[in-house]
Structures are given as C-alpha cells and as structure tokens.
Amino acid sequence: MLLLIIRGVLIFIVSMLFICGCAERYSVKPEHYNAFPEAKHAPSVQPAQGSLWVGENNRNMLFTDNKARYVNDTITIVIEESSLGQNRATTNTSRTTTTGTSISALLGIDTSILKRNPNMGSSISVGGESTNSLKGSGDTSRGSTLKAVVTGRVVKVLENGNLLIEGRKQITINAEDQYLIITGIVRPQDVTAENYVYSTSISDARIVFTGSGVINDKMRPGWGTRILDWIWPF
C-alpha cells in the first residue's frame with residue numbers, strides 16, 4: 001500500500017513538471033532568432049583578366065558618401081523607441097419612473113371593494129415607483145522606452161535598392177547575459193552620410209531586448225507557483 005502511494009505521488013509530480021514545462025511561456029533566444037532566413041550573400045564579381053578595375057565598392061567611389069550599400073557592409077543603428085498608450089472611459093446613467101392611477105367606477109366592483117376595505121378611503125388608487133442608476137469608470141495606460149546603439153550589417157539588397165539590415169549585440173556581466181537584436185528594411189536615402197540610421201526609419205522593424213542569468217531567474221516565480229497558477233480555476 002505504501003509503495004502504491006509513493007508511486008502515485010511520483011507520477012503526480014512528474015505530470016505537474018511536464019504540464020509546467022508545456023505551459024511555460026516561450027522566450028525568444030538569439031540563436032533561434034532568424035527573421036530573414038532567405039537572405040544570402042551576393043556572389044562576388046571577378047574583374048576581367050588583366051583589368052585594373054577591381055569592381056565597384058565603398059573604397060573606390062570618390063563622389064558618394066562612404067555608407068552601407070552592399071551585402072556585409074556595416075551600418076550603425078540608433079534605437080530610440082518610445083510608445084505610450086492610454087484609454088479612459090466613464091459611464092454614468094440614471095432612471096427614475098413614477099406611475100399613479102385611480103379608479104372612480106368599475107361596474108360596481110369598486111363599491112364592493114371599498115365596503116370590504118374601509119381603510120382604503122373613498123376611491124381605489126394604484127401607483128408605482130422605480131429608480132435605476134449605473135456608474136462605471138475605467139482607466140488603462142501602457143508605455144515603454146528603449147534607447148541603444150548597435151552596429152549591424154547589410155544582409156541583403158532588395159530589387160528596388162532597399163537594404164535588409166540586421167544588428168546583434170550581447171553583453172555579459174557577472175554571468176548575466178543581455179541580448180539586443182534588431183532587423184528591418186531601410187532606404188539608402190535614410191542612411192546618413194556618417195552611416196547612421198534611426199530605428200524610426202526602419203520598415204518592418206523587429207526589436208528584441210531580452211536576457212538570461214541569475215537576475216532573470218529570480219524575476220520568475222518558482223515551478224510550484226506556476227503549476228498552481230496554471231491549474232487553479234479561480
């Protein structure tokens with residue numbers, strides 16, 4: 001009997017651990033994050049035999065700014081993101097209804113009723129009153145701010161000349177890792193002469209700022225608490 005109880009407890013613990021693992025929220029990891037898997041390196045163009053021209057690149061373009069144009073060119077991305085959302089609603093309604101009526105004659109029935117009920121007075125009257133009111137209010141707000149600078153590279157040059165860029169940065173301090181990943185599409189004219197581009201000029205921008213380590217582990221509840229939150233119906 002004791003062995004059956006122990007076995008049942010072990011099965012329950014293993015089941016709860018499996019449920020907790022399934023219910024755990026998926027977190028984006030840099031090694032698994034690849035927003036543009038179709039991006040490939042452009043084939044290098046070999047100069048003609050005996051030619052002194054090595055091909056067009058940023059080093060031999062004398063009349064244009066030295067900024068990112070080709071695959072694997074580096075570009076500095078300035079991230080300045082700030083968002084704020086707020087919603088407020090108020091409801092205040094009321095209703096008051098009063099109804100009154102009296103019966104002076106009802107085929108003699110009223111006389112019979114008054115004789116049997118002398119406290120009713122000299123006439124039959126019917127009245128009603130109701131009051132209804134509703135008050136409600138709600139307020140919600142959400143805001144976020146992110147500022148950073150990361151140097152990325154051109155992953156692909158699209159057919160219309162726009163640049164597909166990607167930047168990654170990892171910072172490790174005392175076994176605490178922080179990851180910053182940004183990808184998106186920029187126009188060549190949005191890249192400054194100093195080879196900077198702002199995140200507000202990036203189309204289809206995807207910004208991931210996450211971390212892992214001791215601090216991140218302490219910010220999460222224990223597996224027992226997660227199990228109770230997952231199975232608790234109230």
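Q: How much of Arg 168 is accessible, and does that make Arg 168 buried, partly exposed or exposed?
A: Arg 168 has 38% relative accessibility and therefore counts as partly exposed, where buried means under 20% relative accessible area, exposed over 50% and partly exposed in between (1.4 Å probe, protein chains only). This is a predicted model, in which local features need pLDDT of at least 70 and side-chain atom pairs count only at pLDDT 80 or more, whereas totals for chains, interfaces and linings use all residues. Residues are numbered from 1 along each chain as its sequence is written, and side-chain values use heavy atoms, leaving out hydrogens and water.

Q: Which residue meets the side chain of Arg 168 in a salt bridge?
A: A salt bridge is a side-chain nitrogen of Lys or Arg within 4 Å of a carboxyl oxygen of Asp or Glu; here Arg 168 pairs with Glu 166 at 3.2 Å, N to O, and Glu 166 is buried, with a relative accessible area of 13%.

Q: How many salt bridges does a search of the whole structure find?
A: The search finds 3, including Arg 88 with Asp 139, whose closest N and O atoms are 3.4 Å apart. Because Arg 88 lies in strand E1 and Asp 139 in strand E2, this pair ties together parts that are 51 residues apart in sequence; strands (E, at least two residues), like helices (H or I, at least four), are DSSP runs numbered from the N terminus. Both Arg 88 and Asp 139 are exposed. Arg 187 and Asp 190 also form a salt bridge, at 3.0 Å from N to O; Arg 187 is partly exposed at 41% relative accessible area, and Asp 190 is partly exposed at 22%.
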